[in-house]
Amino acid sequence: MIVLGIESSCDDTAIALVENGKKVLSSLISSQWDEHKKFGGVVPEIAARSHLSSITPLFRQAIQSAGISEQDIDLIAVTQGPGLIGALLVGISFAKGLSSALQKPLMPVNHIHGHIHGAILGLGQDLPDEQVFPCLALVASGGHTNLYYMKSPVHFSLLSATKDDACGECFDKVAKLLDLGYPGGPAIERLATDGQRHAFKVPKAMNHKDDLMFSYSGIKTFMANLINQYKLKGQELPLADLCSSFQEEALMQIIRKINQAKSIVPEKPKSLLIAGGVAANQRFRQLAAEHVSLKSYFPPLKYCSDNAAMIAALAWQHFQQQDDKIRSALEGSLIWDAFPRYPFEEYLFDPS
Ligand code: KG4
Ligand code: ZN
């Protein structure tokens with residue numbers, strides 16, 4: 001079964017073709033970064049217009065590089081949200097048009113859940129689900145810091161999220177204070193490698209045992225004050241130490257919450273999946289290996305940030321996990337509204 005994935009939620013237009021949920025036939029990304037760079041962040045109007053001009057040629061290129069024809073597509077999967085509405089609308093409208101023209105079913109997919117399937121794609125084709133689930137899954141991106149308990153590849157039980165800024169957003173804001181450009185994560189990570197991790201005592205946020213929520217606004221304010229003190233005194237910024245101390249605590253907050261979550265979920269997790277743009281961070285991988293006693297899976301770098309292979313992979317899982325009745329309804333359905341709500345659904349964790 002070949003699934004076409006379409007992703008346009010933020011500043012990357014992405015198209016992928018994935019066979020049976022695991023084999024990536026092609027995964028193409030058209031980055032808009034050059035268009036947003038001069039504004040220091042993503043401009044929604046520019047993002048939407050740029051998706052509009054790149055989506056059709058990218059689709060044609062993906063079909064060509066996968067070596068298939070449009071008629072070989074069995075299911076069309078598109079990011080339904082969350083994301084920038086103008087940007088999402090381009091992908092969704094394209095997907096609806098294609099579904100209608102090719103007479104192929106269309107499935108909307110949750111972008112955050114898709115990120116987790118970026119990590120699952122990285123597991124390769126041979127690892128059985130029984131060795132991975134139940135698991136804990138963490139998505140740390142520019143917009144979200146969500147921790148899930150997952151009983152299966154399509155069951156997302158939300159344990160906690162951020163009260164304020166997301167982890168990646170905090171990397172971006174601290175990078176902006178340090179004039180490192182956007183996105184901030186990679187620049188901070190590069191500088192941090194030469195710094196002292198405990199040069200500055202960055203406060204521990206949400207450091208109580210019984211609360212799994214995340215918070216990044218306190219760390220951000222601490223860094224802003226620290227940086228301002230240097231600037232007011234006209235002193236040179238110790239960039240490497242600042243980046244290293246900040247990065248260590250920003251990531252350790254997540255590690256602590258994962259360890260707390262392990263003991264409250266109904267069944268002992270067999271693994272930890274870490275996904276989203278922040279999962280590209282190498283120190284994050286080291287910290288997980290050092291401090292978490294679960295087998296941890298991070299996506300290959302190409303599936304950490306936004307891509308469409310993760311969207312196609314999750315849609316395939318949704319399709320497989322449904323009973324025959326729903327599946328035949330999906331197969332016969334070309335209309336968006338005919339989809340049941342399950343692809344978007346996540347459950348709030350109930351400790352009872
Ligand atoms: O998942 P993603 O590509 O897009 C969203 O859905 O938001 O995540 C982008 C975020 C940005 O905030 C970026 O600074 C952060 O991921 N990021 C990193 C690294 N690479 C990207 N954060 C820390 N370390 C990195 N190496
Ligand atoms: Zn994303």
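This is a predicted model: local features need pLDDT of at least 70, side-chain atom pairs count only at pLDDT 80 or more; totals for chains, interfaces and linings use all residues.
## Largest pocket

The largest pocket has a volume of about 1200 Å³. Its lining is made up of 40 residues, and those closest to the pocket centre are D11, G142, D172, Y182 and P183. Strand 3, helix 4, helix 5 and helix 6 each give two or more residues to this lining. Helix 5 provides the largest share, 6 residues.

By residue class, the pocket lining divides into 14 nonpolar, 18 polar and 8 charged residues.

## Enclosed cavity

Rolling a probe the size of a water molecule over the atoms shows where empty space is left. A search of the whole structure finds 1 cavity of 30 Å³ or more. The volume of the largest cavity is about 50 Å³.

G21, K22, H117, I120, L121, A313, W316 and Q317 line the largest cavity. Helix 4 (111-121) and helix 10 (309-321) each contribute at least two residues to that lining. The lining residues comprise 4 nonpolar, 3 polar and 1 charged.

In soluble globular proteins, nonpolar side chains tend to be buried together. Here the largest nonpolar core has 46 residues, and L136, L138, F246, I254, I258 and F284 have the most contacts inside it. Strand 6 (135-140), strand 7 (145-150), helix 5 (167-177), helix 6 (184-192), helix 7 (217-232), helix 8 (239-262), strand 9 (271-275) and helix 9 (282-291) each supply at least two of its residues. Helix 8 gives the most, with 10 residues.

Leaving aside residues up to four places away in sequence, F284 touches L138, L251, I254, I255, I274, V278, A279 and F298. A second, separate core of 39 residues includes L127, F156, Y303 and A309.

## Helix 6

Within helix 6, the residues G184, G185, A187, I188, E189 and A192 are buried. Among the elements that cover these buried residues are helix 5, helix 8 and helix 9.

## Hairpin of strands 2 and 3

Strand 2 (residues 12-19) and strand 3 (residues 23-31) run antiparallel and are joined by 8 bridges. A16 stands opposite S27 in strand 3. The hairpin has 3 residues between the strands, and N20 takes a positive phi near 50°.

Notes
Residues are numbered from 1 along each chain as its sequence is written. Chains are lettered from A and ligands numbered from 1 in the order in which they are written. Side-chain values use heavy atoms; hydrogens and water are left out. On a 1 Å grid over the protein atoms alone, a cavity is a set of points where a 1.4 Å probe fits but cannot get out, and a pocket is an open set with protein on both sides within 12 Å along at least five of seven lines; lining residues have an atom within 4 Å of a point. Grid points are joined across faces, edges and corners, and a volume is the space filled by probe spheres set on the points. Helices (H or I, at least four residues) and strands (E, at least two) are DSSP runs, numbered from the N terminus. Ala, Val, Leu, Ile, Met, Phe, Trp, Tyr, Cys and Pro count as nonpolar, Asp, Glu, Lys and Arg as charged, and the others, Gly among them, as polar. A nonpolar core is a set of buried Ala, Val, Leu, Ile, Met, Phe, Trp, Tyr and Cys residues joined through side-chain atoms within 4.5 Å. Buried means under 20% relative accessible area, exposed over 50%, partly exposed in between (1.4 Å probe, protein chains only). Contact means heavy atoms within 4.5 Å. Two strands pair if DSSP finds at least two bridges between them.
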